[in-house]
Amino acid sequence: MESRKPRKINSKWGLIAANFLGLLPLGVLVWAFWRNQLGFNPVETALQRTGQIAVVFLLISLACTPIRRLFKWPILIKLRKIFGLYAALYAFTHFAVFAIWDYGLNLPLLWMEIQEKPFIFLGLTALIILLVLAATSFRYWQKKLGKGWRTLHRLVYVAAILILVHYFLAVKGDIFSLQGDYGAPLVAAIILVLLFLLRFPFIYRPL
Amino acid sequence: MNHEKSYSVPINPNEITPKHIYQTRRQFLKQMGVVGITALLASCAPNVGVPTDGPGLAPDEDLADNLTTYEAITGYCNFYEFTTNKEQVDENAQDFVTSPWSVMVDGMVENPKAFTMEEILANYTQEERIYRMRCVEGWSMVIPWVGFPLHQLLEDVVPTAEAKYVLFEAALVPDQMEGANSGLFPFPYLEGLRLDEAMHDLTILATGLYGESLPPQNGAPIRLVVPWKYGFKSIKSIVRISLVPDQPPTLWNTIAPQEYGFYANVNPNVDHPRWSQAERRIGETGRCETLFMNGYAEEVLSLYEGMNLTENF
C-alpha cells in the first residue's frame with residue numbers, strides 16, 4: 001500500500017518526461033524549418049531527420065519490455081505505448097514530407113516511385129503497420145480484440161525489420177558487401193538484434 | 001574570399017555571368033507516360049549554356065537557370081574521404097593541404113610527366129564553364145567552373161595507340177581525412193572515362209569556381225568535371241591520371257555495379273532503385289524533370305552511337 005503513492009508520482013513524471021521527449025524533436029524540426037535552418041537541401045534534411053527519429057523511438061519502445069523485466073520498472077509498460085505512438089507519428093511525418101513536400105502530392109509520380117523503388121514500398125508497408133498498431137493501441141481496442149490484440153501488436157517486430165531494411169536500402173552502397181554509408185543503420189540494426197535477443201527467456205533469465 | 005593563394009585564377013566571371021542569367025522560366029512539360037499515366041514535372045534547366053571557344057561565354061541567350069549560390073556549392077558537397085555528411089564536408093576539409101601539389105600523368109603515353117599546379121595554371125588557359133551538375137542522389141546545381149579542357153593536357157603527353165581508357169585517382173591522406181578510415185569504402189577514390197569521353201571538349205579539369213580557386217571541399221586544387229555524367233564521375237583532388245588499355249575499376253562501380261554503371265551518363269530512362277529520376281535543384285522548391293545526358297545530348301550523343309545506353313548505364 002505504501003509503495004503505491006511514490007510509484008504514482010513516479011509514473012506521472014515518467015509520462016510527462018516521455019511526452020516531452022516525444023515532442024521535442026518535432027519542435028526542433030519545426031523551429032529549424034521556421035528559421036530556415038534545414039540546410040541547402042531542406043527536403044532531404046527533413047526526410048532523413050524524421051526517419052531517424054522514428055527509428056530511435058521505435059527502438060526505445062522496443063527496449064521498454066526487456067528493461068522492465070531486467071530492472072522491474074512497471075511504468076515502462078505505459079511508456080512502451082507512448083514511445084510506440086511517437087514512432088508512428090514520426091514515421092507518418094516522414095511519409096508526409098515525402099509525399100507532400102517533396103513530391104507535391106503528384107500522385108502519378110508517387111505511385112511510380114512506390115512501384116519502382118522497393119525501399120519505398122517496404123517503408124510504406126511498415127508505416128501502415130505502425131498506423132494500425134497506433135490506432136488500436138487504446139484500451140477500447142485492447143478489450144475488443146482480446147487475445148487477438150497481442151498477436152496483432154506483435155506485428156511491430158515485422159515493422160521494425162521492414163524499417164531497418166528500408167533504412168539499409170536508402171543509403172548509398174551495397175548491402176551485401178556492406179560497403180557504403182552504413183554507419184547509422186548498422187548501429188540501429190545491432191541494437192534491434194540485441195533487443196530481439198533479450199526477448200528470449202533463456203537469454204534474459206540468467207541476467 | 002582569399003585571393004592570396006599561390007594559384008589564384010585570373011578571371012573574374014562576376015562581370016560575365018549575370019547578364020546571361022535570366023529569371024528561371026519554368027516550363028511545364030508533359031512527360032513520364034508510365035503505366036499510362038502522365039505526370040507533370042517542370043524542367044529544371046532547358047538551356048544552361050554549352051561553352052564556346054572563348055572563355056566564360058555561353059552561346060545561348062536563352063539561358064533559363066540561375067547559378068546556384070557560392071554558399072550552397074561550397075557548403076553542400078559529397079566528399080566521403082572527409083565525411084558522408086554533405087554539410088559537414090566544408091568544415092572537415094578546411095585543413096586539407098593542397099599546396100604544393102602535383103598530378104602524375106602516366107601509363108600509355110609518350111611523355112609521362114608530373115605536372116605541378118603552377119605548371120598547369122601557367123600552361124593551360126583557364127576559362128569559365130557554366131555547367132549543370134546532377135548528383136545521382138537526385139539533386140542538382142548550376143556551377144560556374146573555372147578550368148580547361150582535359151584533352152589539352154592529354155594531347156601534351158601524347159597517348160599511345162594502346163591507350164583506350166583514362167583512370168583518375170584522388171588524393172588519400174588519412175591523417176587529414178577523417179572519413180577515410182571507416183573501412184566502409186575502398187579508398188582511394190578511383191574514376192575512369194573512355195578515352196574519347198576524356199578527349200571531349202565538354203570534359204574539363206576544374207581549378208576554380210565563381211572565379212576563385214577551388215575550396216578543398218570542392219576538390220582543390222584540381223578536379224574532373226564531366227557535365228553529362230552523374231556527379232560521382234567528377235573525381236576530386238586528383239593526384240594521378242593514367243592512360244590504360246582496359247576499362248579501369250572505379251569506386252562506386254566496384255561497390256555496387258548494379259546501381260552505378262561505369263558510364264553513369266545522366267539518363268532519366270534508367271531507373272535507379274533508390275533515387276528519383278526527377279531532381280531537386282538546390283535553392284529551389286519542388287522537383288523537376290531530369291534531362292537526358294543532363295541536357296548535353298546534342299554535344300555528346302555521337303560518343304555512344306550504336307550503344308545500348310540502358311544496358312551500358
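## Chain B: burial and make-up

Of the 313 residues in chain B, 49% are buried, in a model that is predicted throughout. Chain B contains seven helices and 14 strands, and among its contacts between residues at least 6 apart in sequence, 70% join residues that are at least 24 apart.

One of the strands, β8 of chain B (residues 190–194), has four of its five residues buried, so it is largely enclosed by the rest of the structure. Strand β7 of chain B (residues 165–170) pairs with β8(B) in the antiparallel sense over five bridges, and within this pairing B:V166 has B:L193 in β8(B) as its bridge partner.

## Confidence

The pLDDT of chain B averages 84, and 80% of the residues score at least 70. Residues 1–40 of chain B, however, have a pLDDT below 50, although the model gives this stretch 74 contacts beyond near neighbours in sequence. The pLDDT also stays under 50 over residues 45–63 of chain B, where the model has 47 contacts beyond four places in sequence. For the complex, the predictor reports an ipTM of 0.80 and a pTM of 0.82.

## The contact between the chains

In the predicted complex, 25 residues of chain A are in contact with 27 residues of chain B. On the side of chain A that touches chain B, at least two residues each come from α4 (107–116), α5 (118–135), α8 (155–170), β1 (173–174) and β2 (179–180), and the largest share, five residues, is supplied by α4(A). By residue class, this side of chain A divides into eleven nonpolar, eight polar and six charged residues.

## Helix packing in chain A

Helix α8(A), which is among the elements that supply residues to the side touching chain B, also packs against helix α2 of chain A (residues 42–71), at an angle of about 150° and with the axes 11 Å apart. The crossing of α2(A) and α8(A) is left-handed. Here A:V55, A:L58 and A:L62 in α2(A) meet A:A160, A:I163 and A:Y167 in α8(A), and the residues of this contact divide into six nonpolar, no polar and no charged.

## Backbone geometry in the loops

Most residues other than glycine have a negative phi, and most peptide bonds are trans. Against that background, two peptide bonds of chain B deserve a check. The bond from B:F187 to B:P188 is cis, with omega near 10°, and B:P188 is found in the loop between β7 and β8 of chain B, the two strands that pair in the antiparallel sense. The bond from B:A220 to B:P221 is likewise cis, with omega near -5°, and B:P221 is found in the loop between β10 (212–213) and β11 (223–225) of chain B.

Positive phi values in residues other than glycine occur at A:K72, where phi is near 55°, and at B:Y210, where phi is near 50°. A:K72 is placed in the loop between α2 and α3 (76–102) of chain A, whereas B:Y210 is placed in the loop between β9 (204–209) and β10 of chain B. Are these residues buried or exposed? A:K72 counts as exposed because it has 8 C-beta neighbours inside 10 Å, where the cut-off for exposed is 12 or fewer. B:Y210 is buried because 22 other C-beta atoms lie within 10 Å, where the cut-off for buried is 20 or more.

Note on methods:
Residues are numbered from 1 along each chain as its sequence is written. Chains are lettered from A and ligands numbered from 1 in the order in which they are written. This is a predicted model: local features need pLDDT of at least 70, side-chain atom pairs count only at pLDDT 80 or more; totals for chains, interfaces and linings use all residues. Two residues are in contact if their C-beta atoms, placed from the backbone, lie within 7 Å. Ala, Val, Leu, Ile, Met, Phe, Trp, Tyr, Cys and Pro count as nonpolar, Asp, Glu, Lys and Arg as charged, and the others, Gly among them, as polar. Two strands pair if DSSP finds at least two bridges between them. Axes are lines fitted to C-alpha atoms, for helices over the stretch in contact, and angles run from 0 to 180 degrees between N-to-C directions. A crossing is left-handed if the near helix is turned anticlockwise from the far one by less than a right angle, and right-handed if clockwise. pLDDT is the predictor's confidence in each residue, from 0 to 100.
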